[in-house]
Amino acid sequence: GHTEKIIELLTKLYDRVIIDCPSMSITTSTTEAFRASDKVFIVIDLSLPAIRNAVRITQLIRKLGISEEKMEFILHRYEKGPTLSIDEAEKNLGRRIYWLCPNDFSDIMSSINEGEPVVEQNPRCLIAKNIMHFTKKLKGTIDNKEYRGAKTTFGKLI
(Lines give C-alpha, C1' and ligand atoms only; values in the text may rest on other atoms or scores of the structure.)
Protein backbone atom coordinates (compact mmCIF):
# COMPACT_ATOMS: atom_id res chain seq x y z
CA GLY A 1 0.00 0.00 0.00
CA HIS A 2 2.94 2.35 0.53
CA THR A 3 3.90 2.25 -3.13
CA GLU A 4 0.47 3.45 -4.20
CA LYS A 5 0.58 6.37 -1.74
CA ILE A 6 4.08 7.37 -2.84
CA ILE A 7 3.06 7.30 -6.50
CA GLU A 8 -0.05 9.40 -5.74
CA LEU A 9 2.12 12.00 -4.01
CA LEU A 10 4.68 12.06 -6.83
CA THR A 11 2.00 12.53 -9.49
CA LYS A 12 0.67 15.53 -7.56
CA LEU A 13 4.14 17.07 -7.38
CA TYR A 14 5.42 16.34 -10.92
CA ASP A 15 4.05 16.33 -14.47
CA ARG A 16 5.87 13.10 -15.30
CA VAL A 17 7.06 10.33 -12.98
CA ILE A 18 9.37 7.57 -14.18
CA ILE A 19 9.82 4.50 -12.00
CA ASP A 20 12.64 2.09 -12.77
CA CYS A 21 11.50 -1.38 -11.70
CA PRO A 22 13.63 -4.52 -11.46
CA SER A 23 13.69 -6.43 -14.69
CA MET A 24 13.47 -10.02 -13.57
CA SER A 25 11.18 -10.03 -10.55
CA ILE A 26 7.62 -8.85 -10.14
CA THR A 27 6.79 -7.87 -6.58
CA THR A 28 3.74 -6.32 -4.97
CA SER A 29 5.42 -2.92 -5.32
CA THR A 30 6.13 -3.33 -9.03
CA THR A 31 2.59 -4.57 -9.62
CA GLU A 32 1.24 -1.45 -7.88
CA ALA A 33 3.56 0.70 -9.98
CA PHE A 34 2.34 -1.01 -13.17
CA ARG A 35 -1.31 -0.48 -12.21
CA ALA A 36 -0.74 3.21 -11.42
CA SER A 37 1.19 3.85 -14.65
CA ASP A 38 -0.10 5.30 -17.88
CA LYS A 39 2.66 3.40 -19.70
CA VAL A 40 4.83 0.43 -18.76
CA PHE A 41 8.01 0.44 -20.81
CA ILE A 42 9.80 -2.86 -21.16
CA VAL A 43 13.43 -2.28 -22.16
CA ILE A 44 14.99 -4.91 -24.40
CA ASP A 45 17.91 -5.44 -26.73
CA LEU A 46 18.05 -7.44 -29.96
CA SER A 47 19.00 -10.76 -28.38
CA LEU A 48 16.98 -13.95 -28.16
CA PRO A 49 17.12 -14.07 -24.33
CA ALA A 50 15.91 -10.45 -24.07
CA ILE A 51 13.04 -11.05 -26.50
CA ARG A 52 12.07 -14.28 -24.74
CA ASN A 53 12.11 -12.54 -21.32
CA ALA A 54 10.07 -9.63 -22.69
CA VAL A 55 7.41 -12.05 -23.95
CA ARG A 56 7.34 -13.76 -20.55
CA ILE A 57 7.05 -10.54 -18.57
CA THR A 58 4.32 -9.32 -20.93
CA GLN A 59 2.36 -12.52 -20.31
CA LEU A 60 2.82 -12.15 -16.56
CA ILE A 61 1.68 -8.51 -16.61
CA ARG A 62 -1.43 -9.58 -18.56
CA LYS A 63 -2.15 -12.33 -16.00
CA LEU A 64 -2.03 -9.67 -13.29
CA GLY A 65 -4.90 -7.95 -15.07
CA ILE A 66 -2.91 -4.97 -16.27
CA SER A 67 -4.00 -3.63 -19.64
CA GLU A 68 -1.86 -4.65 -22.59
CA GLU A 69 -2.42 -1.16 -24.01
CA LYS A 70 -0.18 0.23 -21.25
CA MET A 71 2.79 -1.87 -22.34
CA GLU A 72 5.39 -0.59 -24.78
CA PHE A 73 8.82 -1.85 -25.79
CA ILE A 74 11.98 0.21 -25.94
CA LEU A 75 14.87 -1.24 -27.91
CA HIS A 76 18.07 -0.33 -26.06
CA ARG A 77 21.53 -0.17 -27.67
CA TYR A 78 20.08 -0.44 -31.14
CA GLU A 79 22.42 -0.65 -34.08
CA LYS A 80 21.76 -2.19 -37.43
CA GLY A 81 23.82 -5.28 -37.93
CA PRO A 82 24.03 -9.04 -38.05
CA THR A 83 21.84 -9.65 -34.98
CA LEU A 84 18.09 -10.07 -35.08
CA SER A 85 16.18 -7.54 -37.13
CA ILE A 86 13.57 -5.19 -35.71
CA ASP A 87 10.96 -7.02 -37.82
CA GLU A 88 11.91 -10.37 -36.27
CA ALA A 89 11.77 -8.91 -32.77
CA GLU A 90 8.37 -7.33 -33.40
CA LYS A 91 7.03 -10.58 -34.81
CA ASN A 92 8.03 -12.41 -31.62
CA LEU A 93 6.77 -9.63 -29.35
CA GLY A 94 3.48 -9.41 -31.22
CA ARG A 95 3.61 -5.63 -31.53
CA ARG A 96 5.58 -2.69 -32.86
CA ILE A 97 8.54 -1.45 -30.84
CA TYR A 98 7.71 1.98 -29.43
CA TRP A 99 11.20 3.49 -29.32
CA LEU A 100 14.74 2.77 -30.53
CA CYS A 101 17.70 3.97 -28.44
CA PRO A 102 21.01 4.03 -30.30
CA ASN A 103 24.13 2.32 -29.03
CA ASP A 104 26.18 5.34 -27.99
CA PHE A 105 28.44 3.63 -25.49
CA SER A 106 31.24 6.20 -25.35
CA ASP A 107 28.96 9.19 -24.66
CA ILE A 108 26.99 7.25 -22.03
CA MET A 109 30.16 6.07 -20.27
CA SER A 110 31.57 9.60 -20.33
CA SER A 111 28.33 10.88 -18.79
CA ILE A 112 28.39 8.22 -16.07
CA ASN A 113 32.07 8.78 -15.27
CA GLU A 114 31.67 12.55 -15.11
CA GLY A 115 28.44 12.31 -13.08
CA GLU A 116 26.65 14.65 -15.45
CA PRO A 117 23.52 13.88 -17.50
CA VAL A 118 24.43 13.21 -21.12
CA VAL A 119 21.86 15.76 -22.34
CA GLU A 120 23.75 18.45 -20.41
CA GLN A 121 27.27 17.18 -20.97
CA ASN A 122 27.00 16.64 -24.72
CA PRO A 123 23.56 17.75 -25.97
CA ARG A 124 24.51 17.24 -29.63
CA CYS A 125 25.51 13.59 -29.31
CA LEU A 126 23.31 10.86 -30.75
CA ILE A 127 21.92 9.53 -27.46
CA ALA A 128 21.20 13.02 -26.06
CA LYS A 129 19.18 13.91 -29.16
CA ASN A 130 17.39 10.57 -28.90
CA ILE A 131 16.47 11.22 -25.26
CA MET A 132 15.15 14.67 -26.11
CA HIS A 133 13.03 13.24 -28.94
CA PHE A 134 11.75 10.51 -26.61
CA THR A 135 10.56 13.09 -24.09
CA LYS A 136 8.78 14.95 -26.89
CA LYS A 137 7.05 11.73 -27.91
CA LEU A 138 5.96 11.11 -24.32
CA LYS A 139 4.57 14.64 -24.11
CA GLY A 140 2.83 14.24 -27.46
CA THR A 141 4.70 17.19 -28.95
CA ILE A 142 6.72 15.35 -31.58
CA ASP A 143 5.84 16.27 -35.17
CA ASN A 144 5.70 12.77 -36.62
CA LYS A 145 3.76 10.33 -34.40
CA GLU A 146 5.32 7.35 -36.23
CA TYR A 147 8.87 8.44 -35.37
CA ARG A 148 10.47 6.12 -32.87
CA GLY A 149 14.01 7.35 -32.52
CA ALA A 150 15.77 6.20 -35.67
CA LYS A 151 15.92 6.99 -39.35
CA THR A 152 17.83 5.51 -42.24
CA THR A 153 20.66 7.39 -43.89
CA PHE A 154 18.16 8.89 -46.32
CA GLY A 155 15.78 10.08 -43.58
CA LYS A 156 13.18 7.35 -43.93
CA LEU A 157 11.68 6.33 -40.59
CA ILE A 158 12.63 2.89 -39.30
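Analyst: E68 pairs up with R95 in a salt bridge, with the closest N and O atoms 3.9 Å apart; the term covers a side-chain nitrogen of Lys or Arg within 4 Å of a carboxyl oxygen of Asp or Glu. That pair links distant parts of the chain, 27 residues apart: E68 sits in the loop between helix 3 and strand 2, and R95 in the loop between helix 4 and strand 3 (99-102). Helices here are DSSP runs of H or I with at least four residues, strands are E runs of at least two, and both are numbered from the N terminus. Bear in mind that this is a predicted model, where local features need pLDDT of at least 70 and side-chain atom pairs count only at pLDDT 80 or more, while totals for chains, interfaces and linings use all residues. Residues are numbered from 1 along each chain as its sequence is written, and side-chain values use heavy atoms, with hydrogens and water left out.

E68 also has a salt bridge to R62, and there the closest N and O atoms are 2.9 Å apart. Put together, R62, E68 and R95 are linked in a network of salt bridges. The classes are buried for under 20% relative accessible area, exposed for over 50%, and partly exposed in between (1.4 Å probe, protein chains only).

Now for another pair: the side chains of E90 and R148 meet in a salt bridge at 2.5 Å, N to O. E90 lies in helix 4 and R148 in the segment after helix 7 (126-139), so this pair ties together parts that are 58 residues apart in sequence. E90 counts as buried at 14% relative accessibility, and R148 is buried too, at 4%. By the same rule, the salt-bridge count comes to five.

Helix 4 (residues 86-93) has something going on with helix 3 (residues 48-63) as well: their axes come within 9 Å and cross at roughly 25°. Those axes are lines fitted to C-alpha atoms over the stretch in contact, with angles running from 0 to 180 degrees between N-to-C directions. Within helix 3 you'll find I57, which is buried, with a relative accessible area of 15%.
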